[in-house]
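Here is a short briefing on helix packing and pocket lining. Please keep the structure open while reading.

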Amino acid sequence: MTVLTNNYINDSQLFSFEEIGAARNAFLQYELSKQIQLLTVMPIEEAVAIMSQCSVSLVQEWINELELTGHDKRARHFAHQLGFIHSEAEPTRGYLQTSVMEHVKQRIGWIISLALLGIVSGLIISHYEDTLSQLVLLAIYMPVIAAAGGNTGSQAATLVVRALATGEVKKRQWLQVLWKESRVAVCLAFAISVVIVARIMLFSAETSTGGFELELIALAIAVALFIQVTISTTLGGGLPILARAFKLDPAVLVSPVLASVVDISGMWIYFSVVNYFLNIG
């Protein structure tokens, strides 16, 4: 094997127990820095064979060191192959080769839990039933709040997940990601808010305003939308890194969690801001 002969073996070759044992013993003779260097250049199958015969604490130390030295993608491959994480984005047998039931088992826990959490959105809406009854115009723009937050958050999350997968972004760069996404969020939120104000002023003149000035209603909705989009976009950029930090798969986790959080926070922000501006509720 590599640590013994310095010649790479065929990736498809199966290793005997004696080969693995001999390679492990030789590998452990090196200092940690040399071990990490070897792990960055060895074929993954060969490295996994050696690591599978070592203690969990030692393997975790190697994986952590690989992440700290900028080899996040390789560290994730090792962690997945050794069973430390379970990834839908990097399944052992590939997406099409993984059975339907395995896909279901990997996803169903999060989906059911977050579906039940969605009841909170309904409770918030029912709590502000009096507000809606006084001003029907607010109900028209409720879907806009949820959709805008979900769309911008999903965009940010998708971009960061891709950057993590390609190794362009590392976990330790979380502060840079949040700073960048927060600035993008403010720009997007401002643009969307301006469009919504224009939409309300131009096309809602005939809609009942419940005695409130249309300009004030438009301002309240725009402020709520601005807050929602800013928070959702920043959260979308941070969630994938948070998931990766806890050894969870961003591809499976981020979208449903983001959708649930955005729905709940969106309704709460919307009605809180509207009540503050219009003093109703």
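At what angle do helix α11 and helix α14 pack, and how far apart are their axes? The angle is about 150°, and the axes lie 9 Å apart. This is a predicted model.

**Helix α11 with helix α14**
- Helix α11 covers residues 142–166, and helix α14 covers residues 250–278.
- Angles over 145 degrees count as roughly antiparallel, and α11 and α14 are therefore roughly antiparallel to each other.
- Their crossing, α11 with α14, is right-handed.
- From α11, the contact is made by M142, I145, A146, G149, G150, G153, S154, A157 and V161.
- From α14, the partners are P250, V254, L258, V262, D263, G266, M267, Y270 and F271.
- By class, this contact of α11 with α14 holds twelve nonpolar, five polar and one charged residues.

**Helix α13 with helix α14**
- The crossing of α13 and α14 is right-handed.
- The contact of α13 with α14 has 26 nonpolar, five polar and one charged residues.

**The largest pocket**
- The largest pocket holds about 330 Å³ of space.
- Its lining consists of L159, V160, R162, A163, E168, V169, Q173, Q176, V177, K180 and E181.
- The lining of the largest pocket divides into five nonpolar, two polar and four charged residues.

How values were computed: Residues numbered from 1 in each chain as written. Predicted model: local features only at pLDDT ≥ 70, side-chain atom pairs only at ≥ 80, totals over all residues. Heavy atoms only, no water. Axes fitted to C-alpha atoms, helices over the stretch in contact; angles between N-to-C directions. Helix = DSSP H or I, 4+ residues; strand = E, 2+ residues; numbered from the N terminus. Parallel < 35°, antiparallel > 145°, perpendicular 65-115°, else oblique. Left-handed = near helix turned anticlockwise from the far one by under 90°. Contact = heavy atoms within 4.5 Å. Nonpolar A, V, L, I, M, F, W, Y, C, P; charged D, E, K, R; others polar. 1 Å grid on protein atoms, 1.4 Å probe; cavity = no way out; pocket = protein on both sides within 12 Å on 5 of 7 lines; lining within 4 Å. Points joined across faces, edges and corners; volume = space filled by probe spheres on them.
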